[in-house]
Amino acid sequence: MRQFVVVGHEAPTTPEFSLDDLPGSGRLDVLCRCVVAGCLLSHSIRSAVRVHLVLDDAFTITVDSDEVRNLRPDERSTAALLRTALEHREEAIGHQPVQSSPGVTIRRTGLEHAIDTLAEEGTLVVLDEDGTPVDEHPPPSDPVFVLSDHLSFSDAERALLADRATATVSLGPEPLHADQAITVAHAALDTAGFDHGSP
Ligand SMILES: C[S@@+](CC[C@H](N)C(=O)[O-])C[C@H]1O[C@@H](n2cnc3c(N)ncnc32)[C@H](O)[C@@H]1O
């Protein structure tokens, strides 16, 4: 299982946003691209991937690649799945998840509770341009990668992640968009130990 936690600092926590203005809706376009980069391949869907979107440290929407239906490469239809999840937010009691559509759940959970839960399921790795180069790390088992959206991690988030994460890893010297970082992380894992065969 590969998991990605994306911190959406300005993301909406109610369904009253316009599908026609995702950038103006707390940069939901970024979060939608992260879902697509995490779950989809060209003409197929990855298996065993979960993307968790932490919305304004209040709600977390999870998309499970093995269960999700109607996930397409475009941002608008992905945002519609997220909007449906937010329509179910009042049903989310405590930290219990509520399924809003196949493979999509919402829970009343901020970053701290999300990563504490996920740390029990795998290896917590922060993705950061200034981290240790990825090729200096053995591929983590069941990685749970934590990324920020279009903004930097706050000081409080950095402190929390420094306390909980096994490693902070850089995927390269250039600053990437969050969805690009997900694609590169997938590629690094896809090719770890990849045998190119004999010349
Ligand atoms: C658009 S960046 C965030 C922008 C912000 N100004 C910053 O520098 O953190 C989105 C996220 O993608 C990840 N990321 C971007 N470039 C990366 C790199 N070279 N290595 C590892 N992670 C990277 C980080 O989690 C980053 O917070």
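Hi everyone. Let me start with a term: two residues are in contact when they have heavy atoms within 4.5 Å. On that basis, residues 24 or more positions apart account for 67% of the contacts with a separation of 6 or more in this protein.

A word on the source: this is a predicted model, where local features need pLDDT of at least 70, side-chain atom pairs count only at pLDDT 80 or more, and totals for chains, interfaces and linings use all residues. Residues are numbered from 1 along each chain as its sequence is written, and side-chain values use heavy atoms, with hydrogens and water left out.

Now the overall shape. The C-alpha trace spans about 55 × 40 × 30 Å along its principal axes. For 199 residues, a compact globule would have a radius of gyration near 16 Å, and the protein agrees because its own value is 16 Å. (That radius is taken over C-alpha atoms, and the globule rule is 2.2 Å times the number of residues to the power 0.38.) Buried residues, meaning those under 20% relative accessible area with a 1.4 Å probe and protein chains only, make up 49% of the 199.

On to the inside. A nonpolar core here is a set of buried Ala, Val, Leu, Ile, Met, Phe, Trp, Tyr and Cys residues joined through side-chain atoms within 4.5 Å. The largest has 46 residues, and L53, I61, F145 and L147 have the most contacts inside it. Who touches L53, leaving aside its neighbours within four places in sequence? V6, L31, V35, F59, T60, I61 and L82 do. There is also a second, separate core of 14 residues, with V5, V144, L161 and A165 among them.

Technical notes
Buried means under 20% relative accessible area, exposed over 50%, partly exposed in between (1.4 Å probe, protein chains only).
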